[in-house]
Amino acid sequence: MVSLSGPTTASITEGLNGAGNITASGTVANNEPGIYSWLPGGYTILSAPTFGTLTITQNTANGEGGYTWSFVVDSDDPALDGLDRGDSLDITFNVRVTDVSYNSANGFASTVNGTAVIDTHQVTITIFGENEVCFMRGTEILTEDGPRRIETLMVGDKVLTRDNGAQPIRWIAASKISKERRRGNSQLEPIAIEADTFSPGVPSKNLMLSPQHRVLVENAKLDVFFGEASAFVSAKNLINFRNVYTCGGEVEDLEYWHLALDNHEVVFAENCPVESLHFGEEALSTLSPEQLAELNDVFPSLAGRESPLSFPELRAFEGQLISQTL
């Protein structure tokens, strides 16, 4: 019979920044001792993924019936639109392999004593979601010299933080989002938070953020519901269709800006407390290779650095509960 071994799990990150394909692959070997030859058409894909492309390549080296599998999906595939930071999607497929065995009674045969020489190998791929976490061009950030548009800021300029005074910008960069990337991908469309949503002057005027950008909420109901005086909530989880809503239709040319300090801090955008760039594996996966290389020049060994959030974060349904109090 066939005895197959190889990777049974794989993982990839959606990484929407920079449209393109994401891929997982693995090689499965036939470990059954003896002489084996691969039959033409000797495999069947069972329960194939409903999106993306699964490719099977027969391995004929040494007369063994193994194979290499490759799963490719466009990071902008509609099937991935619902994946947010921290979410994941499992894709499972099965491949049934038919081999030729040899024994003295039957010679080479696809059955041995009436039993088909087959085995089934199952692979589960986990796709982790991630989206842009950044500010819209034109957003005013509070600095030691007063509010300034984010695109005018430079490395070394000091921004005011909620808890640690004025902190220098260590890295700043922009990502332009093409119309092609935006088409049919709601996860890239900005969220508007109207002036005075949280309290008078907070924000001081309409604030536009990427859907995954965390906002620090300090709401009397927060302590009642969750026992927290302050907590982060992703902008998209605050949507209530009154004073927080998607606003992509108002933006012709979409450009997001990333802002990094020495640590994860709360800064003020349009006088609203929001996060700076978080040094987490998922957040960093949204950056282009060029941006990540530049960031690594500033923060050596960045790939191994997992800084904590400066405040706890509410889950999606908890954020939606708070959104109804705004």
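Predicted model: local features only at pLDDT ≥ 70, side-chain atom pairs only at ≥ 80, totals over all residues.
Start with helix H5, residues 316-323. Within this helix, select Glu318, Gly319, Ile322 and Ser323, which are buried. Turn the view to look down the axis of H5: the buried residues fall within an arc of 145°, so they line one face of the helix. Next, show what covers these buried residues, which includes strand S20 (214-217), helix H2 (220-226) and strand S21 (231-234).

Stay with strand S20 and select arginine 214. Which residue forms a salt bridge with arginine 214? The partner is glutamate 275, and the closest N and O atoms are 2.8 Å apart. Glutamate 275 belongs to strand S25 (residues 272-275) and arginine 214 to strand S20, so the pair ties together parts that are 61 residues apart in sequence. Glutamate 275 is buried, at 0% relative accessible area, and arginine 214 is buried too, at 6%.

Now move to arginine 162 and aspartate 163, a salt bridge whose closest N and O atoms are 2.6 Å apart. Arginine 162 is partly exposed, with a relative accessible area of 32%, and aspartate 163 is partly exposed at 41%.

For the last stop, select arginine 149 and glutamate 151. Their side chains meet in a salt bridge, 2.6 Å from N to O.

The structure holds nine salt bridges, including the pairs visited here.

Note on methods: Residues numbered from 1 in each chain as written. Heavy atoms only, no water. Buried < 20%, exposed > 50% of the residue type's maximum accessible area, 1.4 Å probe, protein only. Helix = DSSP H or I, 4+ residues; strand = E, 2+ residues; numbered from the N terminus. Arc of directions from axis to C-beta. Contact = heavy atoms within 4.5 Å. Salt bridge = Lys/Arg side-chain N within 4 Å of Asp/Glu carboxyl O.
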